[in-house]
Amino acid sequence: MSVRLAAVPGLPPLLACCGLLALWEIAARIFDISGLPPAHQALRELPAILGDRGSVLNILDSLRRMGLGFALALLAAIPVGLAMGRSRLVAAFFNPLLMTIYPVPKAALMPIIMLWLGVGDASKTLVIFLGVSLPVIYHSYQGARAVEEKLLWSAAAMGMAAPRRLTHVVLPAALPEIFVGVRTGLVLALITMVTSEMIARQAGIGNILFNSLDMALYDAVYATIVIVGILGFALDVGLERLRSWLVGWATPVHEMAVGTA
Amino acid sequence: MIAITELSKSFETARGAAHVALSDISFDVAEGEFISILGPSGCGKSTLLYIVGGFVVPSRGAVTIAGKAVTGPGPDRGPVFQEFALFPWKTVLGNVMYGLLEQGVARPDAETRARALISMVHLTGYEGFYPKELSGGMKQRVAIARTLAYRPSILLMDEPFGALDALTRTALQNELLDIWERDRKTVLFVTHSVEEAVFLSDRVIVLTRAPGRIKAAVDIALARPRRRAELLLDRRYQTLVVDIERLLDSPEEGR
């Protein structure tokens, strides 16, 4: 039975969503508090938000900042992580720095960064950048460190010089591990995107969320949370597609065979 | 072809103590010679191969290839490792073509040569497979083809069949000899199997337990091309195997 259910693509997550909505609806009816509207009421707000030009522009604005912070973080973090993985000196330099910054909630830095860069795009993008960078650096580092020495030797014997080995052997060999960091980074990008807008209340989806909260528009609050959730889900699905396209070669054989079983 | 002079290598262990892996190794290898390096595990025989490959720097001594000192890896020496070390993100064809493309060979030419080599190692039909999808024996066939592709004059084989089951191992030994008979490259072959060393080689260098020193160099004057079935019944082959096994068992001098 479970095999047949899993065989219909998209069915298990759909069932999980329906279950969650049902639980929400029941809980709202049992507890009956104004801070927890039933699911159907909150979902009715969705078209209103998504049909409003201002809200959509705000959401797109948030996504633009998130995309920018995320992309810049990947551009900086992957080379740093790979260099750390291949050079003890670089690792010794960056490791204490990272271990100090990693446990600090990036949103907690937001007020300080706002003092430097103001409440605009720069502060929010920087916070997103910091949030995404750390897991990506960490996993790129681990990935580069685990690259089999003999892969590099094989390339060196073909006449490949050291800098080119970094981009042509270490990078692809570490890519499956880098993707683990990128996936975590994507979630953190979404979280820091919302929290940065919660602190620098000026624009964006976080602003919609917390303005609605201030005005006790709980239906809109929950509808916005649902939108953030859907965004996260959609981005993760997209990333997973990209991952299986780029590093499908790393998928264990038994997993690839599942489709035919 | 290869001259190894007074080579020594010591490592620092994790506890900071010095570990002597190789001590005062000297021997020459003639062009086209098939040499096996045999010894108990931990005797530094792989380290010796890595030094000739230019992957590891010796503590003392030198290696010269055709009169030129080894300072690093180069396409004149093609390694084949026990761990295969295939590029997992490349297909069989991509792996075999890799060295050729790296050396600037045009893609169509590289592909033609790679396909010929893939057929030579009996993997036609598997060009589009990724290493993950292959068995150990197939992976090692790909690795051998990948190394042969860029035409090294010396093959450095580091226990290449050590991770394979007995049947595959025998099959690959036969295939390797067939391939070798065609162009008689110089081969340095590290193994801990006496039968394998005697079956394949012109000369077997026996190393002592750590620190690895040369205990003996045994000439294998068996006619070529060699056929496994004939050899196994050959009295001289049997004697050589037994003699070398005794050598390995015998207590070491100076201990």
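Analyst: We may begin with S212(A), which, apart from neighbours within four places in sequence, is in contact with L217(A), A220(A) and V221(A). Please note that this is a predicted model.

User: Where does S212(A) lie?
Analyst: S212(A) belongs to helix α10 of chain A, residues 205–214.

User: And is S212(A) buried or exposed?
Analyst: S212(A) is buried, because its relative accessibility is 6% and the cut-off for buried is under 20%.

User: Changing topic: how many aromatic pairs over all chains?
Analyst: The search of the whole structure gives 15 aromatic pairs. One of them is formed by Y102(A) and Y138(A), with 6.5 Å centre to centre and 50° between the planes, a tilted arrangement.

User: Which parts of the chain does the pair link?
Analyst: The pair links distant parts of chain A, 36 residues apart. Y102(A) is in the loop between α5 (88–101) and α6 (110–117), whereas Y138(A) is in helix α7, residues 121–145.

User: What about the accessibility of Y138(A)?
Analyst: Y138(A) is partly exposed at 34% relative accessibility. Y102(A) is also partly exposed, with a relative accessible area of 34%.

User: Which residues form an aromatic cluster?
Analyst: One aromatic cluster consists of W153(A) from chain A together with Y50(B), F55(B) and F81(B) from chain B.

User: Next, the charges over rings. What lies over the face of F87(B)?
Analyst: That is R146(B), at 4.8 Å from the ring centre of F87(B).

User: And over the ring of F199(B), what sits there?
Analyst: The ring of F199(B) has the charged end of R228(B) over it, 4.6 Å from the ring's centre.

Conventions. Residues numbered from 1 in each chain as written. Chains lettered and ligands numbered in written order. Predicted model: local features only at pLDDT ≥ 70, side-chain atom pairs only at ≥ 80, totals over all residues. Heavy atoms only, no water. Phe/Tyr/Trp six-rings, centres within 6.5 Å; stacked < 30°, edge-to-face > 60°. Helix = DSSP H or I, 4+ residues; strand = E, 2+ residues; numbered from the N terminus. Buried < 20%, exposed > 50% of the residue type's maximum accessible area, 1.4 Å probe, protein only. Lys NZ or Arg CZ within 6 Å of the ring centre and 35° of its normal. Contact = heavy atoms within 4.5 Å.
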